[in-house]
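Good morning. I will walk through one structure this morning, from its surface to its core. Please look at the screen.

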Amino acid sequence: MLDQFHPCIQDSIENIIDVKADGNCGYREIAALLGMSKESWSLVRNHLHKELTSLLEEYINLLGDIKRFEELKRSLLVDGLSMVRKFIVMSLFF
């Protein structure tokens, strides 16, 4: 699996975690790397949502405007009824 990464960063990779590719895979990876269950992905999203809310002004400045901030914040919400697939979209904002 290491060969899927560019050779210049392969030496920096210490651990590879195989997670279910379901739209929450990035959050599953973060949960696993934090020592939590891979199924704790919704907790990771909830913590990120709280982080954004608690540091509102800093993130609005970082993202450039309130619209982008609100879009990112909404993307972190977990809809328990429909479980809409939501991907980590942080890279889209930078």
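Predicted model: local features only at pLDDT ≥ 70, side-chain atom pairs only at ≥ 80, totals over all residues.

Start with the surface, where Met 1, Leu 2, Phe 5, Ile 9 and Ile 16 form a nonpolar patch with about 400 Å² of accessible area together. A patch is made of residues with over 30% relative accessible area and no salt bridge; nonpolar side chains (Val, Leu, Ile, Met, Phe, Trp, Tyr) are joined within 5 Å, and like charges within 9 Å. Areas come from the Shrake-Rupley method with a 1.4 Å probe, and for residues only the protein chains shown count as cover.

Residues are numbered from 1 along each chain as its sequence is written, and side-chain values use heavy atoms, leaving out hydrogens and water.

Back to Ile 16, which sits in the loop between helix H1 (7–10) and H2. Buried means under 20% relative accessible area, exposed over 50%, and partly exposed in between, with a 1.4 Å probe and protein chains only.

The protein chain as a whole has five helices and zero strands. Here helices (H or I, at least four residues) and strands (E, at least two) are DSSP runs, numbered from the N terminus. Of the 94 residues, 28% are buried.

Next, helix H2 (residues 25–33), where the buried residues are Gly 26, Tyr 27, Arg 28, Ala 31 and Ala 32. They pack against helix H3 (41–54); contact means heavy atoms within 4.5 Å. Just after H2, Gly 35 has a positive phi of about 85 degrees.

Now the core. The largest nonpolar core has eleven residues, including Tyr 27, Trp 41, Tyr 59 and Phe 69. H2, H3, helix H4 (56–63) and H5 each supply at least two residues of this core. Such a core is a set of buried Ala, Val, Leu, Ile, Met, Phe, Trp, Tyr and Cys residues joined through side-chain atoms within 4.5 Å. Setting aside neighbours within four places in sequence, Tyr 59 contacts Glu 51, Leu 52 and Phe 69.

Last, Lys 73, in helix H5 (residues 66–75). Lys 73 is buried but has no salt bridge, and the nearest side chain of opposite charge, Glu 70, is 4.1 Å away. A salt bridge needs a side-chain nitrogen of Lys or Arg within 4 Å of a carboxyl oxygen of Asp or Glu.

Conventions:
Lys, Arg positive; Asp, Glu negative; His and termini not counted.
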